[in-house]
Amino acid sequence: MTPINTLNTIGLLGGMSWESSLLYYQQINQHIRVALGGLHSAPIILDSVDFSIIAAWQQTNEWDKASIYLSQRAQKLEAAGASCVAIATNTMHKVYDAIASSVSVPVLHIAQPTIAALHDAGIQRIAFLGTRYSMTEDFIRSRFAQAGIDVLVPEATDCDCIHNVIFDELCQGLVRRHSKHQYQHIVSKLTQQGAQGVVLGCTEIGLLLTQNDVDVPLFDTTALHTRALADVVLHGTQPINTLQQ
């Protein structure tokens with residue numbers, strides 16, 4: 001059995017929302033338990049920020065403030081001993097470059113494990129669900145495009161529906177059947193347009209939608225990100241260095 005002090009420490013920028021950060025903590029540790037057994041758990045430093053501050057900056061398009069704020073928090077995670085940092089939210093990867101350049105340790109981009117899974121599955125066209133920012137801007141979608149994956153996003157009214165469910169329900173711990181049906185209908189429309197799989201490009205959507213709810217393969221960025229982070233805990237940062245490039 002591997003002594004706990006040989007495992008690598010993950011620094012999580014969380015709280016955006018804390019509902020999804022809870023999944024990060026749980027899933028990373030579940031992977032470590034399966035891998036090592038016994039009483040092993042992952043060394044994690046979690047900085048859970050006040051999401052209301054971040055959300056206000058999003059709404060007023062003050063991403064520069066969020067960038068500075070999260071970069072400073074990332075530096076504190078590194079100073080506390082993190083050997084890798086992860087942003088536990090898709091939307092705030094809009095400021096990924098600033099955060100990654102502010103620390104000397106690797107920052108595992110949330111899209112990379114999903115891209116690897118899509119390539120393994122032979123998926124070339126996806127339906128992408130996320131916040132309005134992630135669906136309508138290219139800071140996440142461009143990563144998939146650069147990897148040769150075509151991204152389909154919902155029409156404007158459907159984007160509004162997805163976004164509002166995330167902020168008004170999922171981020172507040174509310175999981176409603178009606179909202180699940182709305183999401184299923186949106187996914188169905190995108191699959192009719194040729195989507196071979198659906199990417200849950202918001203860390204809370206997995207609370208609402210599972211593989212049993214859709215007819216095409218589902219790729220949950222939260223689940224794939226946490227699995228990759230567990231690999232970093234077990235094996236070090238070498239596996240993600242190439243993913244950053």
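Trainee: How many aromatic pairs does the structure hold?

Mentor: The structure holds four aromatic pairs. Rings of Phe, Tyr and Trp (its six-membered ring) pair if their centres lie within 6.5 Å, and the planes count as stacked under 30 degrees apart, edge-to-face over 60 and tilted for the rest. One of the pairs is Phe51 with Phe167, which is stacked at 6.0 Å centre to centre, with 20 degrees between the planes. Phe51 belongs to helix α2 and Phe167 to helix α8 (residues 156-168), so this pair ties together parts that are 116 residues apart in sequence.

Trainee: Before we go on, what sort of model is this?

Mentor: This is a predicted model, where local features need pLDDT of at least 70, side-chain atom pairs count only at pLDDT 80 or more, and totals for chains, interfaces and linings use all residues. Residues are numbered from 1 along each chain as its sequence is written, and side-chain values use heavy atoms, with hydrogens and water left out.

Trainee: Fine. Are Phe51 and Phe167 buried or exposed?

Mentor: Phe51 and Phe167 are both buried. Then take Trp57 and Tyr69, an edge-to-face pair at 5.6 Å centre to centre with 70 degrees between the planes. That pair links Trp57 in helix α2 to Tyr69 in helix α3, twelve residues apart. Trp57 is buried, and so is Tyr69.

Trainee: Which ring does Lys94 lie over?

Mentor: A charge sits over a ring if NZ of Lys or CZ of Arg is within 6 Å of the ring centre and within 35 degrees of the ring normal. Here Lys94 lies over the face of Trp63, 5.2 Å from the ring centre.

Trainee: You mentioned α2 and α3. At what angle do these helices pack?

Mentor: Two packed helices are described by the angle between their axes and the distance between the axes. Axes are lines fitted to C-alpha atoms, for helices over the stretch in contact, and angles run from 0 to 180 degrees between N-to-C directions. Helices (H or I, at least four residues) and strands (E, at least two) are DSSP runs, numbered from the N terminus. Helix α2 (residues 51-59) and helix α3 (residues 63-79) pack at about 150 degrees, their axes 8 Å apart.

Trainee: Which residues meet there?

Mentor: With contact meaning heavy atoms within 4.5 Å, Ile54, Trp57 and Gln58 in α2 meet Trp63, Lys65, Ala66, Tyr69 and Leu70 in α3. Those residues divide into six nonpolar, one polar and one charged.

Trainee: Now the sheets. What is the order of the three strands in the open sheet?

Mentor: Two strands pair if DSSP finds at least two bridges between them. The order is β2-β1-β3, and the pairing is parallel. At the edges are β2 (44-48) and β3 (84-87), each pairing on one side only. Neighbouring strands here are turned by 20 degrees against each other on average, direction ignored. Strand β1 (residues 10-14) joins β2 through five bridges, and Gly11 has Ile45 as its bridge partner in β2.

Trainee: Which helices lie across those strands?

Mentor: Helix α1 (residues 18-36) lies across β1, β2 and β3, at about 175 degrees to β2. Helix α10 (residues 221-235) lies across β1 and β3, at about 170 degrees to β3.

Trainee: And what is the order in the sheet of four strands?

Mentor: That open sheet runs β5-β4-β6-β7, with parallel pairing. β5 (150-152) and β7 (218-220) stand at the edges with a single partner strand each, so one side of each has no neighbour in the sheet. β4 and β6 pair over four bridges, with Ala127 opposite Val198 in β6. Val198 also stands opposite Leu218 in β7.

Trainee: Which way do the β6 side chains point?

Mentor: In a regular strand the side chains alternate between the two faces of the sheet. In β6, Gly197 and Val199 point one way and Val198 and Leu200 the other way, and all are buried.

Methods. Nonpolar A, V, L, I, M, F, W, Y, C, P; charged D, E, K, R; others polar. Buried < 20%, exposed > 50% of the residue type's maximum accessible area, 1.4 Å probe, protein only.
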